Amino acid sequence: MDLNTIVEVKRPASAEEINRWRDGYAWLGGGTWLFSEPQVKTDTLIDLASLGWPALHASAAGLDIAATCTIAELERVQAAG
């Protein structure tokens with residue numbers, strides 16, 4: 001699906017750079033849902049990949065999965081067992 005209403009893609013270096021949200025913005029993580037159907041009210045994407053978050057973080061409490069984690073990264077995770 002093409003997102004033909006997009007006029008700007010913001011790539012913030014920190015979350016603080018997105019200090020004001022407005023209608024028309026959309027978070028771009030993996031993009032799977034965004035590209036699955038028309039987004040006629042969206043004109044600006046906020047690319048979360050530019051924040052440099054770790055895709056995955058395993059701890060005793062479980063596995064944290066970032067919005068930017070790709071399916072390929074998730075597939076490579078080896079479960080402790």
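This is a predicted model: local features need pLDDT of at least 70, side-chain atom pairs count only at pLDDT 80 or more; totals for chains, interfaces and linings use all residues.

**Exercise 1: Salt bridges**

Task. State how many salt bridges a search of the whole structure finds. For each salt bridge, describe the partners and their accessibility.

Solution. 

Step 1. Begin with the general principle: side chains of opposite charge can pair when their charged atoms come close.

Step 2. D47 counts as buried at 13% relative accessibility, whereas R11 counts as exposed at 58%.

Step 3. Another is formed by D43 and R22, whose closest N and O atoms are 3.0 Å apart. This pair links distant parts of the chain, 21 residues apart: D43 is in the loop between β2 and β3, and R22 is in the loop between β1 and β2. The relative accessibility of D43 is 24%, and that of R22 is 28%. Exposed means over 50% and buried under 20%, with partly exposed in between, so D43 is partly exposed, and R22 is partly exposed as well.

Step 4. The side chains of E8 and K10 also meet in a salt bridge, at 3.4 Å from N to O. E8 is partly exposed at 36% relative accessibility, and K10 is partly exposed at 24%.

**Exercise 2: The sheet and the nonpolar core**

Task. In what order do the 3 strands of the open sheet stand, and which residues make up the largest nonpolar core?

Solution. 

Step 1. The order of the strands in the open sheet is β1-β3-β2, with parallel pairing. β1 and β2 each have a single partner strand and stand at the edges, so one side of each is left without a neighbour in the sheet. From one strand to the next, the twist averages 25°.

Step 2. The parallel pairing of β1 and β3 extends over 3 bridges. V9 has L45 in β3 as its bridge partner.

Step 3. Turn next to the core. In soluble globular proteins, nonpolar side chains tend to be buried together. Here the largest nonpolar core consists of 5 residues, namely L3, A26, L28, L34 and L45.

Step 4. Apart from neighbours within four places in sequence, L45 is in contact with L3, I6, E8, V9, K10, A26, L28 and L34.

**Exercise 3: The hairpin and the segments that follow**

Task. How many residues lie between β4 and β5 in their hairpin?

Solution. 

Step 1. β4 and β5 form a hairpin, and 2 residues lie between them. Strand β4 (residues 56-59) runs antiparallel to β5, and 4 bridges join the two strands. Within this pairing, A58 has L63 in β5 as its bridge partner.

Step 2. T68 lies in the loop between β5 (62-65) and α1 (71-75). With a relative accessible area of 15%, T68 is buried. Not counting residues up to four places away in sequence, T68 touches G29, L48, A49, W53 and E73.

Step 3. V77 is placed in the segment after α1. Its relative accessible area is 34%, so V77 is partly exposed.

Step 4. V77 and A61 are 16 residues apart along the chain, and their C-alpha atoms are separated by 16 Å.

Conventions: Residues are numbered from 1 along each chain as its sequence is written. Side-chain values use heavy atoms; hydrogens and water are left out. A salt bridge is a side-chain nitrogen of Lys or Arg within 4 Å of a carboxyl oxygen of Asp or Glu. Buried means under 20% relative accessible area, exposed over 50%, partly exposed in between (1.4 Å probe, protein chains only). Two strands pair if DSSP finds at least two bridges between them. Axes are lines fitted to C-alpha atoms, for helices over the stretch in contact, and angles run from 0 to 180 degrees between N-to-C directions. A nonpolar core is a set of buried Ala, Val, Leu, Ile, Met, Phe, Trp, Tyr and Cys residues joined through side-chain atoms within 4.5 Å. Contact means heavy atoms within 4.5 Å.
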